[in-house]
Structures are given as C-alpha cells and as structure tokens.
Amino acid sequence: MQEEWTEKYRPSSLSQVIGNDSAVRAMRRWAESWSKGPPRSRALVLRGEPGIGKTSSALALARDMSWDYIEMNASDHRNAASIRKVAGAGSTSQTFTLDGDFMSSSHGKRKLVIIDEADNLFGREDYGGAKEIVETIRNSGQPIVLIVNDYSELSRKSPAIRQLAEKVDFRRLDSKAIVGLLGSIAEKENVRVPQRLLEQIAENAGGDMRAAVNDLQMMVEGKTALEPADGDAMGKRNQEKSLATCLRAMFGAKTLREARDATLDLDMTPDELEKWIEESIPAELRTAEELSLAFDSLSRSDVYLGQTRRLQHYGLWAYAKEMMTGGVSLSRRGTPRPAHVEYRFPSHFIVLSRAKGFRAARDSVSSKLAGFLHTSRRCVNESALPYLAAISKNDHDLLVALCSETGLDEGDVAYLLDADPDSKEVDEIMSRVRSVKGIAEPDDKTGKGRGRPRGPKRGIADF
Ligand SMILES: Nc1ncnc2c1ncn2[C@@H]1O[C@H](COP(=O)(O)OP(=O)(O)OP(=O)(O)O)[C@@H](O)[C@H]1O
Ligand SMILES: [Mg+2]
C-alpha cells in the first residue's frame, strides 16, 4: 500500500498547521517561556475533536523548538506504568530517554513529554496514582503536553489539573480550510480533482481534517484525475462511521439492554456484526480476565448463530445478539476505555500452508477441534488455530488438557508446537497426556517417563 497521506502531509512546523491560529500562538508563547526556566504552568492541555491537528501540533512544536520529545499514550497500561515510574523517581532536573530512562539534563536538551489520550490518564476514580501524576506535572523540569478529546473528563477526575495546566482549545476546521489543504495535496500528487468534489469531501468530513485527507486518498488511489461521480464512494465511509458510533456505544454500555439497543439500527446480519465485534474486542478490552469473558460470550453467541443456520430458526438470533453485544460489553471489569479505537474491517486469518503434509497435519488438528468447539473445520483453521498454536507454545499445561479431552495425537501436537513429532518436547507432552488419561507408557518409552513430575491434573475447563 501507498504511504498514508495523513502521515506524508502531516505539518512539520507549527507554521504549517492550518486554522486554530490562537491555539498555535498560545503553544508558541508557552514554549518560549521555558527559555527562562520552568514557567508557572508546566503542562498544556490540548483539547479538541479527532483529526484536527492536536498531535501534529505537539510534534511540530517540539521540532520548531529543536526539543526532543517522548510520546506516551495514556490508555496504554505499559505507558501508564512508565508515567508512574517517571513520577516515582521524583526528579525534576533530569530528562529521560526515549525508553523512559533518566538522563541528566546537562547531557541532554529539553524534552517535550507528549501524553496522548490523556482522557484516560487517571483511569478509574480510585486509581491511587493520580496524585503522583499531578505531582510530576507540578514539579516537572520538562515541558508536558496532555492531549484530550474530552477535557471535562480529565478535570473531573483531577480538579488540580485545572490550576496546573494551561488549556488550549482546538476547533474543528472549516470547510474552506479543508478544501485548501486538499487542493494543495492534489496538486503535489499530480491529480486533477474538480473543485466541487473537494468541497463535497470537506463538507462530508465535518471539520475532521484526517477524515478528509483519507477520503481524498481513497478516491484517488491509482487515478490521475477524478470526476464528480467519484464522490459516490463517500457513502461507504459514512456507513463505517455510523458503525463505529454504534460499536463505541455498545462497548460503553452500562446495561445489557443499552448494549443491545446500540446496534439495533445497523444494517447488517448478526453474523457480520459478530465479526466486527470479534475484531474490536482486543482493541477495547485489555486484561486477560476481560478478554476471556468477552470471547466466552462471543463463543456462546456463535453457538446460537450456528443453530440458527442449521435449524433455520431465526428466533435464536435474539439470544446470539444479546450474547455478542451485552455479554461482550459487560465483560469490562472497570479498566478504563481507550479514548480512541479505530474499528477495523474484520480480517480473516489465513493459515498459510507450507506443504501438503503440513496441510494434512493442520486438518487433522482442526477436525478434532471442530466437534469440540461446535464449529466447522474451516472456522477452526481460520480463527482458532493461530491462537491455539501461539498459546500451546507458551502453556504446556493447557496443551496437555486439550489433548486429553479432544484426542490430539503426536502429529497434532507437533503441528501446534511447530516441532518434530519425534522431538523430546512432543514426547514429554504425550507422556503427560497418557498419565492424565491413566494409560500405561508404551514399551519403548518405559523408563523415560517414570519419576517425572506430572503436575496437577487439570481439565480444559480450568483454563
Ligand atoms: N490543522 C491541521 N493542519 C494540517 N493538517 C492537519 C490538521 N489537522 C489534521 N491534519 C491532518 O490530519 C492528520 C491527523 O491529525 P492529528 O493526528 O494531528 O489529529 P488529532 O487532532 O491529534 O486527532 P486525534 O484526536 O484523533 O488524535 C495529520 O497527520 C494531518 O495530515
Ligand atoms: Mg492525536
């Protein structure tokens, strides 16, 4: 695929940021005030809707000032931990390297700390780290930029932020500004685009520059000129937009009914919806517990969908939908939602077959698992096997339980572990399986398995 135009044409200096002049001026003023040492407000909060230049402006500011920068995403738990680490170290006269390690500022220059998606900075209300983060900001020796879509959420969780950080508002861009940028991109790309179409794209984007640039790139793909009729493609984007709105509402629902109702207006079958939800779960939910609960609900909905198809009894759809919407969204156990999720088109995993024997081994595994998982062999190949293979490599206890209950043999285990069927690793697993099932060791193996720690006997339901 071609480079994304939103990246290619990202403003590299504040002077290239379109619109939002007063926001840009405020950022410059604040940055310049650092030349005399840390100012009263050590942090800026950039607030505004998606795709209007907040992140770009923060990056451009660092570049204009010749500052290094470190970018953190507050929704990412690992980054939340490194923010805490920074906070815990309590040092103010030091700067830190890109991987979060400290570096004395005598060796380094100023470093702009960019905390994106700061809506989630404080996580749940009871999160004890909030005070630490506020203290870091209060005492920071380095400039900090927090970026949020929803300022009220941030200031509600930490009223102190209101005093500590200067707020800079970014506004949606007007159509004229968007048309201007689209026109100049088209020119640089050597594509002729009718003015009317540029205006149509700009209006359709509703002030979101990223959406407009993406739409233009999608329409141009491989062409040297566009016609007014090319605008028809925008219908698809609108559809995906409304889908994203519904999925966002569904994952944010507090009750089963709210979750179910969020998807009522969507024009798609439950089977299609299930694929979208499946694809979105890892982006929306983060902990192992939440993921396991959500996929469990999804698998139950899948059983209902299968029965609907087999029995042609469409009344079962209702149960499937409750499981895939309410069941999945109520799997959240209090961890904060990511401020921003791009819902992607469901990708089906394709297991690449390396050789005929490989394919035969794969089919042997999937036919045994298909019955166990109430699904088709193809479905196992496409969506369960890649995960199972990955999990099996890391968790031999699970693999032993799986073999005991589904009858996977040496060849199957070798396939899952990507190992030789005669290898020690496979041998060991099979020996444990025999022990769980109470089967004696074969003659040629006797001695080998004796006295080996067996580990607790666990069934698949224990995992
Ligand atoms: N004001 C702007 N001037 C020029 N280009 C812009 C502007 N706003 C957005 N863009 C274009 O849109 C892309 C996305 O913008 P950016 O990442 O800065 O948005 P954002 O406000 O941070 O959005 P989000 O809240 O979704 O993170 C940029 O790479 C750039 O191509
Ligand atoms: Mg951004």
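Author: For what follows, Ala, Val, Leu, Ile, Met, Phe, Trp, Tyr, Cys and Pro count as nonpolar, Asp, Glu, Lys and Arg as charged, and the others, Gly among them, as polar. The model is predicted, so local features need pLDDT of at least 70 and side-chain atom pairs count only at pLDDT 80 or more, while totals for chains, interfaces and linings use all residues. Residues are numbered from 1 along each chain as its sequence is written, chains are lettered from A and ligands numbered from 1 in the order in which they are written, and side-chain values use heavy atoms, with hydrogens and water left out.

The shell around ligand 1 holds 20 residues, where a residue belongs if one of its heavy atoms lies within 4 Å of the ligand. The closest are Thr-6, Gly-51, Lys-54, Thr-55 and Ser-56. By class, the shell divides into nine nonpolar, seven polar and four charged residues.

Two helices, α3 (54-64) and α10 (209-220), each supply at least two residues of this shell; helices (H or I, at least four residues) are DSSP runs, numbered from the N terminus. The most comes from α3, which gives three residues. Ligand 1 lies between domain 1 (5-169) and domain 2 (175-226), because both give residues to its shell; the domain bounds come from an automatic or database domain assignment.

Individual atoms can now be considered, a polar contact being a pair of N or O atoms within 3.5 Å; within protein, one must be able to donate a hydrogen and the other to accept it, and residues adjacent in sequence count only if both atoms are side-chain atoms. A polar side-chain atom of Thr-55 lies 2.8 Å from an oxygen atom of ligand 1. In the side chain of Arg-10, an N or O atom is 3.4 Å from an oxygen atom of the ligand. Ile-18 takes part through its backbone, a polar atom of which is 2.9 Å from a nitrogen atom of ligand 1. Of the 630 Å² of accessible area that ligand 1 has on its own, the protein covers 95%. Such areas come from the Shrake-Rupley method with a 1.4 Å probe; for residues, only the protein chains shown count as cover.

Ser-13 may be considered next. This residue is found in the loop between α1 (5-8) and α2 (21-33). Ser-13 is buried, with a relative accessible area of 15%, since buried means under 20% relative accessible area, exposed over 50%, and partly exposed in between (1.4 Å probe, protein chains only). The side chain of Ser-13 makes a polar contact of 2.9 Å with that of Ser-15, and another, of 3.2 Å, with the side chain of Asp-64.

Helix α9 (residues 195-205) has as its buried residues Leu-197, Leu-198, Ile-201, Ala-202 and Ala-205. Seen down the axis of α9, these fall within an arc of 140 degrees, so they line one face of the helix; the arc is that of the directions from the helix axis to the C-beta atoms. Just after α9, Gly-206 takes a positive phi of about 60 degrees.
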